[in-house]
Amino acid sequence: MKKENQLPTDGIATVRPTTKDLAKAAGVSRATVDRVLNGRDGVQKKTVEKVNAAILKLGFVRNIAAANLAKSRTYRFLFALPKSGDQFLNEIHKHISEAGTVFSADMIATTVSHLNENDPHEIAAFLGTLSPATVDGVAIMAPETPQVRDAILRLKERGVHTLPFISNQTLTGDHWVGVDNTAAGATAGTLLGRFLTRQPGKLLVIADSIQSRDSLERRSGFDAVINASFPQLYALPSLETYGAKERAEHIIATAFQLHENIAGIYILSSEARVPLSIIRQMPAAQSAVIIAHERTPATVEALEDGTLDAVITQDPGHLVRSAIRKLRALTDKLMTLQSQEKIRVEILLKTNL
């Protein structure tokens, strides 16, 4: 006779195996199982293998949330962001603050440190001060340099999980959070080419700095499409503003003095406010098709008043939440759902704001 609360299993267990079940299957104590699950020292390799075999056999899945609650454990995640920045960085800050509330029930605490993105030695020195005693994971938004790459490697060796954020680093491959910048640049090239149809002309490309990897990849994707599909258009060498308004005013004005028939403008940096404010005041630029990156108050205003034709963007809230989820998974030695964490290339027009 079937008991009142017993459900038919058809050979599949309906009750999740516990650490007690795991200890019994492996022939070890629960204390040993706990040491293995938490990666502590003092357990023989043969014993670790027995516990791992039992995990596979029973389909054991650790209840991380319950374990953290029992230990009053808090995840400590740090966002290392540039000191200088404009509206896009403000959006990132806003969503980090929101995440502090959204993820508070998961025992996640987020903080922000600001770094001089133009001084790789300062960035490396700061990363050198971090340890597992103070932080579990770091999301790093910094240009790729030998000093920063080495500092990230040493940080990992000390046991702090690292995650490139928005701007990738070579050694991390796909293990980072951000949009596919080559695809984003190629999208910009496709839009400019389609908007300009068969009209010949030159394309002005404006960047804060072309030395950052995201800028290099955007420029590479942009050039590949223009060269392959729109031979009537010629992309000029990149103009680097270094985030300085005076320099931006000078080099953009000089470019229009030196080059006739500038048919399109591509602002490939994440901060478009300053270049847009300059372009608005230049009569020669009024007929150009203009593409920029990131949804900010400045780019929304420029779309609405017709200065911008399109904005290629990535969701800043998704960026922050994905970074937190990935850092937590790294800390817990788990995997994240790839489809959930993929940052999409999105296109905004005046009609779909």
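The structure is a predicted model, in which local features require pLDDT of at least 70 and side-chain atom pairs count only at pLDDT 80 or more, whereas totals for chains, interfaces and linings use all residues. Residues are numbered from 1 along each chain as its sequence is written, and side-chain values use heavy atoms, with hydrogens and water left out.

The protein chain contains 14 helices and 11 strands (DSSP runs numbered from the N terminus, with helices being H or I of at least four residues and strands E of at least two). Its C-alpha atoms fill a box of roughly 85 × 50 × 35 Å along the principal axes. Of the 353 residues in the protein chain, 47% are buried; buried denotes under 20% relative accessible area, exposed over 50%, and partly exposed the range in between, with a 1.4 Å probe and protein chains only. Among contacts (heavy atoms within 4.5 Å) with a separation of 6 or more, 71% are between residues 24 or more positions apart.

An open sheet is formed by four strands in the order β2-β1-β3-β4, with parallel pairing (strands pair if DSSP finds at least two bridges between them). Because β2 (108–115) and β4 each have a single partner strand, they stand at the edges, and one side of each is left without a neighbour in the sheet. From one strand to the next the twist averages 20°; axes are lines fitted to C-alpha atoms, for helices over the stretch in contact, and angles between N-to-C directions run from 0 to 180 degrees. Eight bridges link β1 and β2 in the parallel sense. Arg-76 has Ala-109 in β2 as its bridge partner, and Ala-80 is partnered by Ser-113 in β2. Helix α5 (residues 87–102) lies across β1 and β2 and runs at about 170° to β1. Helix α6 (residues 120–127) also packs on the sheet, where it touches β1, β2 and β3 (137–140), and its direction makes about 150° with that of β2. Strand β1 is largely enclosed by the rest of the structure, because seven of its eight residues are buried.

Three aromatic pairs are present in the structure. Rings of Phe, Tyr and Trp (its six-membered ring) pair if their centres lie within 6.5 Å, and planes under 30 degrees apart count as stacked, over 60 as edge-to-face and the rest as tilted. The pair of Tyr-75 and Phe-77 is tilted, because the ring centres are 5.8 Å apart and the planes stand at 35°. Both Tyr-75 and Phe-77 are buried. Phe-79 and Phe-165 form an edge-to-face pair, with 5.3 Å centre to centre and 75° between the planes. Since Phe-79 lies in strand β1 (residues 75–82) and Phe-165 in the loop between β4 (161–164) and α8 (181–196), this pair ties together parts that are 86 residues apart in sequence. Phe-79 is buried at 0% relative accessibility, and Phe-165 is buried with a relative accessible area of 0%.

Most residues other than glycine have a negative phi. Ile-166, which is not a glycine, has a positive phi near 70°. This residue is located in the loop between β4 and α8 and is buried at 2% relative accessibility. Met-107, likewise not a glycine, has a positive phi of about 60°. Met-107 lies in the loop between α5 and β2 and is partly exposed, with a relative accessible area of 27%.

Helix α13 (residues 316–332) comprises 17 residues and reaches 24 Å from its first C-alpha to its last, close to the expected 24 Å (1.5 Å times one less than the number of residues). Because 14 of its 17 residues are buried, α13 is largely enclosed by the rest of the structure. At the start of α13, a side-chain oxygen of Asp-315 comes to within 2.9 Å of the backbone nitrogen of Gly-317. Just after α13, Lys-333 has a positive phi of about 60°.

Arg-219 is situated in helix α9 (residues 213–229) and is buried, with a relative accessible area of 11%. Apart from neighbours within four places in sequence, Arg-219 is in contact with Val-205, Ile-210, Ala-235, Leu-236, Pro-237, Ser-238 and Leu-268.

Key: A polar contact is a pair of N or O atoms within 3.5 Å; within protein, one must be able to donate a hydrogen and the other to accept it, and residues adjacent in sequence count only if both atoms are side-chain atoms.
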